Every structure is written in C-alpha cells, then in structure tokens.
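Please keep the sequence and the structure in view while reading.

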Amino acid sequence: MHLRFTEEELGTLVEMVSLAAEVASWNERPGAEEGISAYEALENKVLEKAKHAGLGEHVDFDEEKQRHHLSTEYQESSFFQQCYDEFRNESFWEELVIRLADRDLVKVIGMAAWQKMTEEDRRAQTRDIEKRYWDEFAKQGIDRVAVIFPHAEG
C-alpha cells in the first residue's frame, strides 16, 4: 500500500501515532507488552519515514533503544503534547471525583449494594456528591485534600 501525504498531513500523522504510543505506554496490565511493542514499532516506522520525508529536524534516534522519537523541542510545542497534557489533567480530576463519590456512596449503602448497581445508577446516585467535589476542586484544587493515616501507621 502506498499513501501520499502533504508535509502538514505527515506532521499530523506523526503526532497522532506518537500520542497513541505514549498513551499505550502507560498500560501496565499483564500481557500489555505485546500491544505496547506493536504501537512502538509502528511509531518507529512512521517516524523513520517522516525523518526521510522532510521532518528530520523533529525526529531523533535513541541509540540505546534503537528507536526513533520526536525531539524534545518539537514535543514541547506540539499539539500532541497539548492533547496529552489535557488528557492527563482531565482524567485525573474526573477519576478523583468519581472515585471519591463512589467511596462515599459505598459508605452509605454498603459494598454489596454498590456492586449490584450499574454504572448509570451509580452516577445517578452520586450526582450531587460529584457536584460538590467538582465545586471544591474548581475553587481549591488539591490544597484541601488530605490523607488521614491510622495512628499505627505513623
């Protein structure tokens, strides 16, 4: 198969593949290594072709890993990095709110009842709790978040 890209399209493809590989690299589940390797191999192939197609100044080669990667300078100003940073930020806050709200719901109804609920029912039951957390975090960030360790744990 032969595909032809403009330089702009190739730049977009490079960023998309690198973003996918970066996100995949966070997968630590057993058996994920094969999928991660496939993503990294495809990223390497695309970056190598891009390097020879006019984007060489944005692609570096890591001798130790024997892989191509986007240069640090390029990454710092790329749309891919902006997307990645925003994804991490939004995922953090959403997961924090949902997990805290679910924890609070479990305290009220018990784990057995919570496990029987659908995700949709859980979200309906925790809507007000989630809103309260969203409001708190929007105003305070994590400044007022604290972990209370049991006395025995120091």
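A crossing of two helices is called left-handed if the near helix is turned anticlockwise from the far one by less than a right angle, and right-handed if clockwise. The model discussed here is predicted.

**Packing of two helices**

Two packed helices are described by the angle between their axes and the distance between the axes. Helix 1, residues 7-24, packs against helix 4, residues 79-109, at an angle of about 30°, and their axes are 9 Å apart. Angles under 35 degrees count as roughly parallel, and helix 1 is therefore roughly parallel to helix 4. The crossing of helix 1 and helix 4 is right-handed. Helix 1 contributes Glu15, Ser18, Leu19, Glu22 and Val23 to the contact, while helix 4 contributes Phe79, Phe80, Cys83 and Tyr84. By type, the residues of this contact comprise 6 nonpolar, 1 polar and 2 charged.

**Nonpolar cores**

In soluble globular proteins, nonpolar side chains tend to be buried together. Which residues form the largest nonpolar core of this model? This core has 11 residues, namely Leu10, Val14, Val17, Val46, Leu47, Ala50, Leu55, Val59, Leu70, Tyr74 and Phe80. At least two residues of the core come from each of helix 1 and helix 2 (33-55). Helix 2 gives the most, with 4 residues. Another core, of 5 residues, lies apart from the largest one; among its members are Trp93, Val97, Tyr133 and Phe137.

With residues up to four places away in sequence not counted, Leucine 55 touches Glu7, Leu10, Gly11, Val14 and Ala50.

**Two individual residues**

Is aspartate 102 buried or exposed?

| Residue | Relative accessible area | Class |
|---|---|---|
| Aspartate 102 | 10% | buried |
| Glutamine 66 | 48% | partly exposed |

Aspartate 102 is part of helix 4. Buried means under 20% relative accessible area, so aspartate 102, at 10%, counts as buried. Neighbours within four places in sequence aside, aspartate 102 is in contact with Trp114, Arg122, Arg123 and Thr126.

Glutamine 66 is placed in the loop between strand 1 (59-62) and strand 2 (67-70). Its phi is near 55°, which is a positive value in a residue other than glycine.

Terms used: Residues are numbered from 1 along each chain as its sequence is written. This is a predicted model: local features need pLDDT of at least 70, side-chain atom pairs count only at pLDDT 80 or more; totals for chains, interfaces and linings use all residues. Side-chain values use heavy atoms; hydrogens and water are left out. Axes are lines fitted to C-alpha atoms, for helices over the stretch in contact, and angles run from 0 to 180 degrees between N-to-C directions. Angles under 35 degrees count as roughly parallel, over 145 as roughly antiparallel, 65 to 115 as roughly perpendicular and the rest as oblique. Contact means heavy atoms within 4.5 Å. Ala, Val, Leu, Ile, Met, Phe, Trp, Tyr, Cys and Pro count as nonpolar, Asp, Glu, Lys and Arg as charged, and the others, Gly among them, as polar. A nonpolar core is a set of buried Ala, Val, Leu, Ile, Met, Phe, Trp, Tyr and Cys residues joined through side-chain atoms within 4.5 Å. Buried means under 20% relative accessible area, exposed over 50%, partly exposed in between (1.4 Å probe, protein chains only).
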